[in-house]
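Take a look at the model below. The text after it goes step by step, from the place where two chains meet to the build of one of them.

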Amino acid sequence: MKNAKKVLTFVLMDAPFESSRTATALRMIDASIRRGFTVNVFAYEGAVLLPFKHQQAHGNLVHGRDVEEEDHPLPREWIHGMIALAKKRGASLHWVNCGLCVDERGAGDAIDGVERGTPADLWKMASESDNTLVVPTA
Amino acid sequence: MRELLIIETRDAGDHKDPERVAALAAGMRRAGITTTIFLAENGAFNSRGNGLAAAISEGVQVAVDRFALDERAIDQSQLTTGISVADIELVVDRLADGACVMWR
C-alpha cells in the first residue's frame with residue numbers, strides 16, 4: 001500500500017445523472033480512501049447536487065420494474081458510503097460544496113458530512129495536497 | 001515534470017482529439033518524460049485498432065480501464081498489442097506519486 005499520509009484533492013464540476021465522468025471520478029475517490037489517503041473534494045457548478053439529500057430513486061415503467069427492482073443508483077448514497085468508509089478505515093473524506101453554486105441551485109440540503117465553502121477552500125486544499133485532479137465538464 | 005498521465009475518455013470514432021492526445025503523448029515521450037495514456041469510459045474503444053500504435057512504438061505506455069472494458073463488453077483479446085488492462089488504482093497511485101495528470 002502507498003503512503004497512508006498522502007493527500008489528494010479532486011475538483012468536480014458535472015451534475016449528477018448526466019455524465020460518466022461522475023462515476024469515474026467517484027471511483028477514483030473511493031480507491032483513494034481504500035488506499036488510506038486523505039481526500040479532499042471541491043464540488044462546484046452542477047456537482048454541488050451530487051450529495052443533495054432529496055435525490056429519489058424511481059422505478060422503470062418502460063421495463064415494468066418497481067423501485068426496488070430498478071435499484072436506481074443515487075450519488076448521495078455513494079458519497080454517504082464513502083464518508084462512512086473513510087471513517088471506518090481511518091482515512092478522511094473532506095467534501096466541500098461551493099456556496100455560490102449551492103445558492104444558485106437551491107442545493108443547500110446536502111447529506112451529513114458535506115460542508116459549504118468558497119473557492120478559497122479549493123486554493124487551500126490544492127496548496128496542502130500532494131496532488132490535485134481537475135475533472136472538467138464534458 | 002517527470003511523469004505525465006493522460007486520462008482519455010473519448011472515443012476516437014466520435015472525436016478528433018484522441019488523435020491529438022496520442023501525438024501529444026508521443027511528443028512528451030520524445031522529450032524524455034515518462035508518459036501514460038489511461039483509457040477510461042468511451043476511451044476504452046480506442047484500445048482496439050491502430051490509433052495508438054504509433055504512440056506505443058514511441059514508448060508511450062497505454063492502459064485501459066478494466067471497468068470500462070467490462071461495461072462495453074470489449075474482450076481483452078481485441079486489444080491492440082502493447083495495451084495493458086489496469087484498474088482505477090493506477091490513476092490514484094500516479095497522483096499520489098506526484099505525476100501530472102490530465103483529464104481529457
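Start where the chains touch. In this predicted model, the contact draws 18 residues from chain A and 13 residues from chain B. Which elements of chain A each supply at least two residues of the side that touches chain B? They are α1 (20-34) and β5 (131-135). The largest share of that side comes from α1(A), with 7 residues. By type, the residues of chain A on this side divide into 8 nonpolar, 4 polar and 6 charged.

Now follow α1(A) itself. The helix has 15 residues. From its first C-alpha to its last, α1(A) reaches 21 Å, close to the 21 Å expected at 1.5 Å a residue. Just after α1(A) comes Gly36(A), with a positive phi of about 90°.

Buried residues of α1(A) include Arg21(A), Thr22(A), Thr24(A), Ala25(A) and Leu26(A). Further along the helix, Met28(A), Ile29(A), Asp30(A), Ser32(A) and Ile33(A) are buried too. What covers them? From chain A, the cover includes the strands β1 (7-12), β2 (38-43), β3 (92-98) and β5, along with the helix α3 (75-89).

Next, the nonpolar core. In soluble globular proteins, nonpolar side chains tend to be buried together. Here the largest nonpolar core has 68 residues. Those with the most contacts inside this core are Phe10(A), Leu12(A), Ala43(A) and Ile37(B). Take Ile37(B) as a guide into chain B. Neighbours within four places in sequence are left aside here. Ile37(B) is then in contact with Ile6(B), Glu8(B), Val21(B) and Ala25(B), among others. Leu52(B), Ala55(B), Val60(B) and Val62(B) are also in contact with Ile37(B).

Finally, step back to chain B as a whole. How many helices and strands does the secondary structure of chain B come to? The count is 4 helices and 5 strands. From the N terminus on, the elements run β-α-β-α-β-α-β-α-β. The radius of gyration of chain B is 12 Å, close to the 13 Å that the globule rule gives for 104 residues, so chain B is as compact as a globular protein of that length. Along the principal axes, the C-alpha atoms of chain B fill a box of roughly 35 × 25 × 20 Å. Of its 104 residues, 42% count as buried. Contacts in chain B also span the sequence: among those between residues at least 6 apart, 69% join residues at least 24 apart.

Key. Residues are numbered from 1 along each chain as its sequence is written. Chains are lettered from A and ligands numbered from 1 in the order in which they are written. This is a predicted model: local features need pLDDT of at least 70, side-chain atom pairs count only at pLDDT 80 or more; totals for chains, interfaces and linings use all residues. A nonpolar core is a set of buried Ala, Val, Leu, Ile, Met, Phe, Trp, Tyr and Cys residues joined through C-beta atoms within 7 Å. A residue is buried if 20 or more other C-beta atoms lie within 10 Å of its own, exposed if 12 or fewer, and partly exposed in between; C-beta atoms are placed from the backbone. Two residues are in contact if their C-beta atoms, placed from the backbone, lie within 7 Å. Ala, Val, Leu, Ile, Met, Phe, Trp, Tyr, Cys and Pro count as nonpolar, Asp, Glu, Lys and Arg as charged, and the others, Gly among them, as polar. The expected span of a helix is 1.5 Å times one less than its number of residues. The radius of gyration is taken over C-alpha atoms; the globule rule is 2.2 Å times the number of residues to the power 0.38.
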